[in-house]
Amino acid sequence: MKRFWTEARAAPAEGGFGIVLDGRPVRTPHRHALVAPTAALGAALAGEWAAVGDKIDPRAMPLTGLANAAIDIVAPDPARFAAGIAAYGETDLLAYRAESPANLVSAQAAAWDPLLDWARGRYDIAVTVVAGIIHQAQPSATLARLREATAARDPFALAALSPIVTIGGSLIAALALAEGAFDAEAIWQAVAFDELWQEAHWGRDDLAARARAAHRADYDAAVRFLSLLRAG
């Protein structure tokens, strides 16, 4: 689609701040009004639309994509969407450790144990840590607490949480980020630890590096989305 507007701005609307192009409201792919719950997010969304060149490129508008997902995909059934995210708690990255070599085992512990310690204290849970990749069930009470923590979030927060969880493979790390217990760079270093360790010890794989860069861009967009929700 070619650009057809001159001005993009956020304006007060029911439920928050709607995005308008030359006075006309923007709609999501499912034809709902594109309305952000905070002024900060509304301004950022309007900024993406204002920055469009001759043609719309959805890849250059990640915040709009997350907002569309929140409205069209999450909001109709937040509980179901939250359950899908919470399922990652059953196989959380942080619970599965290498068996060897010793330097990798100790490095994983240094990177991941602080996050698990936070989760144990924050949610009063027990997390079972295993060596190897064979599945080990987590305590049912632990999974229940993690489901509750995920379900407590609104559709916009869930939309942002989803790529952070799926990219990193860790529900606990994503919740720690969402609650401000660790900063975004620390969480990224934790969830990308295995790839970064392999690269440091065995050399760079260009294909893997490009994939990681794409994931980092999606991760950064989701982190920014969360921060704009908190900014009010």
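Colleague: By class, how many nonpolar, polar and charged residues does the lining of the largest cavity have?

Modeller: A cavity is a set of points on a 1 Å grid over the protein atoms alone where a 1.4 Å probe fits but cannot get out; lining residues have an atom within 4 Å of a point. Here the lining has five nonpolar, three polar and one charged residues. Ala, Val, Leu, Ile, Met, Phe, Trp, Tyr, Cys and Pro count as nonpolar, Asp, Glu, Lys and Arg as charged, and the others, Gly among them, as polar. The lining consists of Gly89, Asp92, Ala95, Leu116, Val127, Gln138, Thr142, Leu146 and Ile172. This is a predicted model, in which local features need pLDDT of at least 70 and side-chain atom pairs count only at pLDDT 80 or more, while totals for chains, interfaces and linings use all residues. Residues are numbered from 1 along each chain as its sequence is written, and side-chain values use heavy atoms, with hydrogens and water left out.

Colleague: Which strands does strand 2 pair with?

Modeller: Strands (E, at least two residues) and helices (H or I, at least four) are DSSP runs, numbered from the N terminus; two strands pair if DSSP finds at least two bridges between them. Strand 2 runs antiparallel to strand 1 (residues 8–13), and six bridges join them. Within this pairing, Gly16 is the bridge partner of Ala13. In the hairpin of strands 1 and 2, with two residues between the strands, Gly15 takes a positive phi near 90°. Strand 2 is also antiparallel to strand 4 (residues 35–36), over two bridges, and there Phe17 stands opposite Ala36. Strand 3 (residues 24–25) pairs with strand 2 over two bridges, again in the antiparallel sense, with Arg24 as the bridge partner of Leu21. In the hairpin of strands 2 and 3, Asp22 takes a positive phi near 50°.

Colleague: How many aromatic pairs does the structure hold?

Modeller: There are six; rings of Phe, Tyr and Trp (its six-membered ring) pair if their centres lie within 6.5 Å, and planes over 60 degrees apart count as edge-to-face. The rings of Trp112 and Phe193 have centres 6.0 Å apart and planes at 70°, so this pair is edge-to-face. Because Trp112 lies in helix 4 (residues 102–123) and Phe193 in helix 9 (residues 193–202), the pair ties together parts 81 residues apart in sequence. Both residues, Trp112 and Phe193, are buried.

Methods:
1 Å grid on protein atoms, 1.4 Å probe; cavity = no way out; pocket = protein on both sides within 12 Å on 5 of 7 lines; lining within 4 Å. Phe/Tyr/Trp six-rings, centres within 6.5 Å; stacked < 30°, edge-to-face > 60°. Buried < 20%, exposed > 50% of the residue type's maximum accessible area, 1.4 Å probe, protein only.
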